[in-house]
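Hi everyone, thanks for coming. I'd like to walk you through a structure today, so please have the viewer open and follow along.

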Amino acid sequence: MTETLTYSQAYREGLVEEMTENEAIFVMGTDIFLRGGHFAQVLGLGEKFGVERIRDVPISEAAMVAAGVGAALQGMRPIVDLNFLDFSFGCMDELCNQAAKIHYMFDIPVPLVVRATNGVAYGGAQHNNVIDSWFAEMPGLNVAVPSTPRDVKGLIKSSLRLDDPVLFLMDKSLTGARGEVGGPADLIPFGRADVVRAGRDMTLVSYGASVRLCHRAADILDERDISAEIIDLRTLYPLDLETVCASVRKTGRAVIVDESAGYGGVSAELAASIQRSSFNYLDAPIGRVHAAHSPVPQSPPLIKAMMPSGQTIVDEVCLLMESS
Amino acid sequence: MLESEASGETSAPSSLADEVSSDRLLDWLDGMLVIRHFESESVRLSLAGKIPGGIHSSEGQEAVAVGTVGALQDQDVASGTHRSHHHALAKGLSPRSVMAELYGKATGLSEGRGGSMHLVDASRRFLGSNGIVGAGLGLAMGAALGMKLQSQDLVAVGFFGDGGANTGRVWESINLAALWKLPLIAVCENNLYAVETHIADSMAGTSIADRATGFGLPAETVDGQDIAAVHDAVRRARERAVDGGGPTFLEMRTYRYEGHNVGDVQNYRQLAEVEDWRAHRDPITRLRQHLERGGVLLPGGYDAAVERARQEVADAIAFAEASEWPETADVMKSWPQQALSVVSA
């Protein structure tokens, strides 16, 4: 049996391969040298690469991203690890007004990777913001949202070879998920979605942890003789509309699934793009399944009640199938 | 240090004569005069509608920029603020390319994609003026980190103002630079006003430099209208940085003669205050007097220098006027990745 890695280990393996090849790469983040990060994402790399390249920083998000941008301008290839994407609120200017715009304004590339976790887990309202689409909307930023160990490794390797800033968003709830990964030469390009399950009647478009929900839903739908195709976007910017629309033109229906609070965002962007390009192929309105428009609560039953699930996807799909 | 006419203050004997040749002092005078005329013309052109979006004039603050850059090596980095024409020109960006960028012409530094608050020239190692208060310091701090990791004997200078000294990001950067002993020189241009708010109404504590001492790095208050004092402070800071001694914080007391932006109605300060700074502490006048007293600047020499500056700025304006607008088809030029395909219907 082929060896499998966890989602976190896959990140680490991709990093080790790239850091070994390219001495300009270094990591800045809180609690990374000894602890290896809050998700063990760089566990053991401190010993391997030393304190200069696995660099602990104080809890100063603005300074660490500024340090990353400035070092990138000086020819380095920094990774800033924010641990939680929620902490990006403390460095929004550095991400969106500096990193994102410098290549455009100054004609100097900024090869900066900012890693953070995305998605909803326990910990309450301030550690579970789903704001991936904010960054995808910002001209100048690329956004990766891998859902499997293979994609994590392939996309972090690509990220470390791009000349422009990347938000590398790993889903908290997938930290321990296992899977096979590619070898040192297996890069996954930005802007290429993956058709992870072929189907006939319905296209489910998703990313991150929600891809698993789509698989769950597709299994249930199979029993009802409804065949769902699942597309994992893998990157939110660039967004692979071509793959999405090709699928929708085949199935005639689309439901977009994510953990966002459901106002604007990736699903709205996709719905608009799909209807504009493929209106004549649609047999039903485009559906959206997302979380409630609410902060994330502490209580597990409350979280469950507000989040999408396999069943809520099935319900939306069945509603749309009936309407067509 | 140069003798000041303000309340007859005279600093300790200057090492200027030993450190800086007469030719360089004359270059500094030229440099400050070009900035002064560039700024007064920029204000005029902005009010005339030639420069879209206005500008923040650095008139009065020339010595901070010219004296600081005069103590740097060519490969040292500087990054600026929203009020940064003087930094850019001092760092060697040509008046032509800066003026054309202010106009938004194709011959500008960034071919019209930047503007007054986003002036850049990587070849001159100027990492940009910056529209966000305090942000330029962060970029310089990051560049200093890169220099340290690359074992280069270079320094980065980050300019910011008294307004920036009230932002969190400035102190995050100072802390990190001090913690990591980065080759950073943090230059706070305290011109007393953050837009329209006087520092007495915005700053708790005794001085900005005093705040910095709490971070454990050397912090000095410098007469920013004395180019010799500016140069000396930066020279020492640079030596300390390349010797591995880490960053230095320099609060330079200076003054802007114009308002925050062009056309401001200045109800927030007395005209007499502006006139006092112009009459008694002007950095150009002080250097001129020093040079004339020492016989370095001969009779007629100053007027000739003023005329050279006028001509250089006039040439820059003529260049900007004659330049073409950017091709609108190039609006996405040098832009990273495009949104993948818009799928055609």
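**Where two chains cross**

Let's begin with a pair of helices: helix 3 of chain A, residues 61-73, packs against helix 7 of chain B at an angle of about 70 degrees, and their axes are 8 Å apart. That angle makes helix 3 of chain A roughly perpendicular to helix 7 of chain B, and the crossing is right-handed. Before I go on, please keep in mind that this is a predicted model.

Which residues make that contact? From helix 3 of chain A we have Ala62(A), Ala63(A), Ala66(A) and Ala67(A). Helix 7 of chain B answers with Gly168(B), Arg169(B), Glu172(B), Ser173(B) and Leu176(B). Sorted by class, the residues of this contact are five nonpolar, two polar and two charged.

Now zoom out to the whole interface. Here 37 residues of chain B are in contact with 40 residues of chain A. On the chain B side, the elements that give two or more residues are helix 6, spanning 135-149, and helix 7, spanning 168-179. Helix 6 of chain B gives the largest share of that side, 11 residues. By class, the chain B side comes out as 20 nonpolar, 14 polar and three charged residues.

Next, let's stay inside chain A.

Last stop: a sheet in chain A. Five strands make an open sheet with mixed pairing, in the order 9-11-10-13-14. The edges are strand 9 (194-197) and strand 14 (287-289) of chain A, each pairing on one side only. Ignoring direction, neighbouring strands of this sheet are turned by 25 degrees against each other on average.

Within the sheet, strand 10 (202-206) and strand 11 (228-232) of chain A pair in the parallel sense over five bridges. One bridge to click on joins Ser206(A) to Asp232(A) in strand 11 of chain A. Finally, helix 9 of chain A, residues 265-278, lies across strands 10, 13 and 14 of chain A, running at about 160 degrees to strand 13.

Thanks, and I'm happy to take questions!

Terms used
Residues numbered from 1 in each chain as written. Chains lettered and ligands numbered in written order. Predicted model: local features only at pLDDT ≥ 70, side-chain atom pairs only at ≥ 80, totals over all residues. Contact = placed C-beta atoms within 7 Å. Helix = DSSP H or I, 4+ residues; strand = E, 2+ residues; numbered from the N terminus. Nonpolar A, V, L, I, M, F, W, Y, C, P; charged D, E, K, R; others polar. Pairing = 2+ DSSP bridges. Axes fitted to C-alpha atoms, helices over the stretch in contact; angles between N-to-C directions. Parallel < 35°, antiparallel > 145°, perpendicular 65-115°, else oblique. Left-handed = near helix turned anticlockwise from the far one by under 90°.
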